[in-house]
Amino acid sequence: MSELRYNTATRDWVIVAPERSKRPQGPRVDCPFCPGAEEHTPDESLRFSDPAGNWLVRSFPNGFPVMTPQAGDLWTHGDFPELCRPSAGRHEVVAESPRHDDSLARMEPAHLELVLRAWRDRSKALLEVSGVDHIIVFKNHGEKAGSSLSHPHSQIVGLPVMPVQVQVRLEEAVRSYSIWGRCLYCQMIDSERAAGKRIVAEVGQFTAFVPFAAFSPYSLWIFPRRHAGCFSLLSDEELPDLAALLGKVLGSLDRLLGDPAYNLVVRSISCHTAGSRYFHYYLAIVPRLGRVAGFELGTGMFINPHLPEEDARQLREA
Ligand SMILES: [Zn+2]
Ligand SMILES: [Zn+2]
């Protein structure tokens with residue numbers, strides 16, 4: 001059981017989920033995501049298989065969900081019930097490969113394409129679930145990035161609220177559009193391509209670059225140049241190019257930094273959300289090389305000890 005609590009000072013929704021502390025910690029003997037352990041995971045929501053019928057990518061509800069399909073009762077402590085909401089939504093796991101030691105940085109582009117297809121297809125399906133307002137696809141790679149299981153996997157959460165971080169980005173996108181008459185992100189992509197220095201790679205209609213004001217070393221954004229606010233609008237024709245580019249930049253990070261821990265997030269706004277056409281979805285990759293400390297927590301300002309232009313050069317050449 002968990003619930004959402006609203007912080008009126010910061011506009012943040014916090015998921016209070018005490019049972020999450022029961023998640024597996026430290027090394028474990030049997031991997032629940034390896035072939036042969038399928039019966040230990042809840043009912044599958046997606047499966048892509050090879051011609052022989054062996055699964056290549058599969059998804060299923062998370063056994064330790066932060067959002068549950070059925071809303072539980074709110075804890076009735078009597079304090080601020082108006083600031084609480086049931087944590088009703090969806091939380092799924094995507095097992096990215098049957099191979100325990102596989103990684104997105106090293107897998108075949110055709111397999112990476114299946115992973116992206118799974119993210120898109122499950123995002124699309126969860127967007128249709130009543131009460132789901134926002135979808136986040138994310139991946140924690142390595143312990144420093146918060147991963148509790150080493151089998152390659154990612155997660156998709158369907159939230160009943162829009163996080164404040166996303167609201168702020170959407171508000172800014174709408175504001176910018178009203179001034180310039182053009183998408184903020186389309187403009188940014190054009191400017192970055194014209195400058196060239198921070199571009200890491202391009203494949204087809206997708207561009208990867210280190211943001212001008214990257215907040216940490218080797219942070220990367222991958223954008224579709226075709227304007228679209230919702231990741232579920234990624235087309236079948238675009239999948240191979242995005243897979244090739246993602247594989248390329250993750251491969252560069254892997255070679256340059258030696259399999260670094262990283263977080264990958266798909267930033268997207270549901271096409272059912274008012275104003276979503278002003279937003280532009282993208283993938284953010286943040287290697288976890290340092291630690292967030294008091295200054296960052298206290299100010300929301302990050303200190304990047306690297307020059308973004310130099311990081312981009314190293315990634316291009318890796
Ligand atoms: Zn495994
Ligand atoms: Zn755009």
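This is a predicted model: local features need pLDDT of at least 70, side-chain atom pairs count only at pLDDT 80 or more; totals for chains, interfaces and linings use all residues.
Residues are numbered from 1 along each chain as its sequence is written, and chains are lettered from A and ligands numbered from 1 in the order in which they are written. Local features need pLDDT of at least 70, side-chain atom pairs count only at pLDDT 80 or more, totals for chains, interfaces and linings use all residues, and side-chain values use heavy atoms, with hydrogens and water left out.

**Exercise 1. Describe the site of the zinc ion (ligand 1).**

Step 1: list the donors (N, O and S atoms within 2.8 Å of the metal, or 3.2 Å for Na, K and Ca; water is not among the atoms, so sites may look incomplete). They are C31 (SG), C34 (SG), H100 (ND1) and H151 (ND1), at 2.0 to 2.3 Å.

Step 2: check the angles. Four donors count as tetrahedral if all angles lie between 85 and 135 degrees. Here the 4 donor atoms subtend 105 to 119 degrees, so the arrangement is tetrahedral.

Step 3: The spacing is C-x2-C-x65-H-x50-H. C34 sits in the loop between strand 2 (12-16) and strand 3 (46-49). H151 sits in the loop between strand 7 (134-141) and strand 8 (153-159), 117 residues apart from C34. Helices (H or I, at least four residues) and strands (E, at least two) are DSSP runs, numbered from the N terminus.

Step 4: Buried means under 20% relative accessible area, exposed over 50%, partly exposed in between (1.4 Å probe, protein chains only). H151 has 0% relative accessibility, so H151 is buried.

**Exercise 2. Characterise the overall fold of the protein.**

Step 1: count the elements. There are 6 helices and 13 strands.

Step 2: find the buried share. Buried residues make up 47% of the 318 residues.

Step 3: look at contacts (heavy atoms within 4.5 Å). Of those with a separation of 6 or more, 67% join residues 24 or more positions apart.

Step 4: take the extents. The C-alpha trace spans about 55 × 50 × 40 Å along its principal axes.

Notes. Four donors count as tetrahedral if all angles lie between 85 and 135 degrees; four count as square planar and six as octahedral if opposite donors are over 155 degrees apart and all others between 65 and 115; anything else is irregular.
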